[in-house]
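Take a look at the fold below.

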Amino acid sequence: MSDETPKTPAEPLDVYSVLTMMIDQMAMIAWQKLGLQPDMMTGKMDKDLDQAKVAIDVIAQLSSFVESKLDESDRRSVHGLVRDLKLNYVEKRKESGDGE
């Protein structure tokens, strides 16, 4: 007989949880591509503003799908994340001389 404890049944896949995880992952990539955090694979700072913009746009779009499922605090956090990323993007574009 095995000493393993019985596993509880897994919860069904929740699309909103997956979207929230995708937002978190895209945010990490956006900060990296803004040149504000080192790349998690290489450890180097690697700025690519075109890719940062794509990541920020994806976050904004994904957040529109999960917003109704979030409590007020999480909703404010997501709005703040999008705002902060957009502000930093604009600032980095100005620094690079490509102001939009």
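Buried means under 20% relative accessible area, exposed means over 50%, and partly exposed lies in between (1.4 Å probe, protein chains only). Helices (H or I, at least four residues) and strands (E, at least two) are DSSP runs, numbered from the N terminus. This is a predicted model, where local features need pLDDT of at least 70, side-chain atom pairs count only at pLDDT 80 or more, and totals for chains, interfaces and linings use all residues. Residues are numbered from 1 along each chain as its sequence is written, and side-chain values use heavy atoms, with hydrogens and water left out.

**Helix H1**

Helix H1 covers residues 15-33. Its buried residues are Leu19, Ile23, Ala27, Ala30, Trp31, Gln32 and Lys33. Their cover includes H2 and H3. Gly35 follows H1 and has a positive phi, near 80 degrees.

Gln32 sits in H1. Gln32 counts as buried because its relative accessibility is 6%. Which residues does Gln32 contact, leaving aside its neighbours within four places in sequence? They are Gln37, Pro38, Asp39, Met40 and Asp46. Contact here means heavy atoms within 4.5 Å.

**Helix H3**

Helix H3 covers residues 72-96. Buried in H3 are Val78, Gly80, Leu81, Val82, Leu85, Tyr89, Lys92 and Arg93. H1 and H2 are among what covers them. After H3 comes Gly97, with a positive phi near 85 degrees.

Val82 is part of H3. With 13% relative accessibility, Val82 counts as buried. Val82 touches Ile59, Ala60 and Ser63, if residues up to four places away in sequence are not counted. Leu70 is twelve residues from Val82 in sequence, and their C-alpha atoms are 15 Å apart in space.

**Helix lengths**

The expected span of a helix is 1.5 Å times one less than its number of residues. The table sets this beside the end-to-end C-alpha distance.

| Helix | Residues | Expected span | C-alpha distance, end to end |
|---|---|---|---|
| H3 | 25 residues | 36 Å | 36 Å |

For H3, the reach is close to the expected value.

**How the helices pack**

Two packed helices are described by the angle between their axes and the distance between the axes. Axes are lines fitted to C-alpha atoms, for helices over the stretch in contact, and angles run from 0 to 180 degrees between N-to-C directions.

Start with H1 and H2. Their axes come within 9 Å and cross at roughly 160 degrees. H1 and H2 are therefore roughly antiparallel. Angles over 145 degrees count as roughly antiparallel, under 35 as roughly parallel, 65 to 115 as roughly perpendicular, and the rest as oblique. H1 passes H2 in a left-handed crossing. A crossing is left-handed if the near helix is turned anticlockwise from the far one by less than a right angle, and right-handed if clockwise. On the H1 side, the contact includes Leu19, Ile23 and Ala27. On the H2 side, it includes Ala52, Ile56 and Ile59.

Now take H2, residues 49-66, and H3. Their axes come within 10 Å and cross at roughly 160 degrees. That makes H2 roughly antiparallel to H3. H2 also passes H3 in a left-handed crossing. The H2 residues in this contact include Ile56, Ile59 and Ala60. Among those of H3 are Val82, Leu85 and Tyr89.
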